[in-house]
Amino acid sequence: MQKKDQITQDADYQTALLEYRQARQHYQDTDFTESQRNIIDTLLARKDKSEFEHTANAYMAGLLDSYRILRNFSLTNE
């Protein structure tokens with residue numbers, strides 16, 4: 001099964017995506033002032049950036065852990 005197919009079959013992901021789309025539509029439909037919308041947009045952008053950084057760091061930590069495991073079993077070419 002391809003990765004795309006796996007994600008479309010993941011019920012938790014699909015639920016989260018639906019909830020995101022509903023919240024996004026509610027945000028779009030709400031009559032915020034320009035200042036309020038700018039504050040919300042900035043908040044969301046900074047949250048996305050911090051989550052991306054966290055995910056990238058966690059991914060790198062996982063790669064390093066994997067390398068250490070392979071090295072402990074002498075499965076690296078060193």
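Does Arg68 count as buried, partly exposed or exposed, and at what relative accessibility? Arg68 counts as partly exposed, at 41% relative accessibility. That residue is one stop on a walk through this structure, which is a predicted model.

Start with the overall build. The protein has 3 helices and 0 strands. Read along the sequence, the pattern is α-α-α. Helix α3 covers residues 34–72.

Next, the overall dimensions. The C-alpha trace spans about 60 × 30 × 15 Å along its principal axes. The radius of gyration of the protein is 20 Å, whereas a compact globule of 78 residues would have one near 12 Å. Of the 78 residues, 3% count as buried. The protein exposes about 7400 Å². Carbon and sulfur atoms supply 55% of that area.

Now the charges. The protein carries 10 positive and 13 negative side chains. The centres of the two sets lie 5 Å apart. How many salt bridges does the count come to? The count comes to 3 salt bridges.

Take Lys47 and Glu51. These two residues form a salt bridge, and their closest N and O atoms are 2.3 Å apart. Both residues sit in helix α3, 4 residues apart, so about one helical turn separates them. Lys47 is partly exposed, with a relative accessible area of 46%. Glu51 is also partly exposed, at 38%.

Move on to Lys49 and Glu53. Their side chains meet in a salt bridge at 4.0 Å, N to O. The cut-off for a salt bridge is within 4 Å. Lys49 and Glu53 are 4 residues apart in helix α3, and therefore separated by about one helical turn. Lys49 is exposed, with a relative accessible area of 54%. Glu53 is partly exposed, at 37%. The labels follow from the cut-off, because exposed means over 50% relative accessible area.

Further along comes the pair of Arg68 and Asp65. In this salt bridge the closest N and O atoms are 3.3 Å apart. Here the spacing is 3 residues in helix α3, which again means a separation of about one helical turn. Asp65 counts as partly exposed, at 42% relative accessibility.

Which residues make the nonpolar surface patch of about 430 Å²? The patch is made by Ile69, Leu70, Phe73 and Leu75. Phe73 lies in the segment after α3.

One backbone detail remains, at Ser74. What is the phi of Ser74 near? Phi of Ser74 is near 55°, a positive value in a residue other than glycine. Most residues other than glycine have a negative phi. Ser74 is found in the segment after α3. Ser74 counts as exposed, at 64% relative accessibility.

Helix α3 holds the Lys47 and Glu51 pair, the Lys49 and Glu53 pair, and the Arg68 and Asp65 pair. The segment after α3 includes Phe73 and Ser74.

Notes: Residues are numbered from 1 along each chain as its sequence is written. This is a predicted model: local features need pLDDT of at least 70, side-chain atom pairs count only at pLDDT 80 or more; totals for chains, interfaces and linings use all residues. Side-chain values use heavy atoms; hydrogens and water are left out. Patches are made of residues with over 30% relative accessible area and no salt bridge: like charges are joined within 9 Å, nonpolar side chains (Val, Leu, Ile, Met, Phe, Trp, Tyr) within 5 Å. Accessible areas come from the Shrake-Rupley method with a 1.4 Å probe; for residues, only the protein chains shown count as cover. Helices (H or I, at least four residues) and strands (E, at least two) are DSSP runs, numbered from the N terminus. The radius of gyration is taken over C-alpha atoms; the globule rule is 2.2 Å times the number of residues to the power 0.38. Buried means under 20% relative accessible area, exposed over 50%, partly exposed in between (1.4 Å probe, protein chains only). Lys and Arg count as positive and Asp and Glu as negative; His and the chain ends are not counted. The place of a charge is taken as NZ of Lys, CZ of Arg, CG of Asp or CD of Glu.
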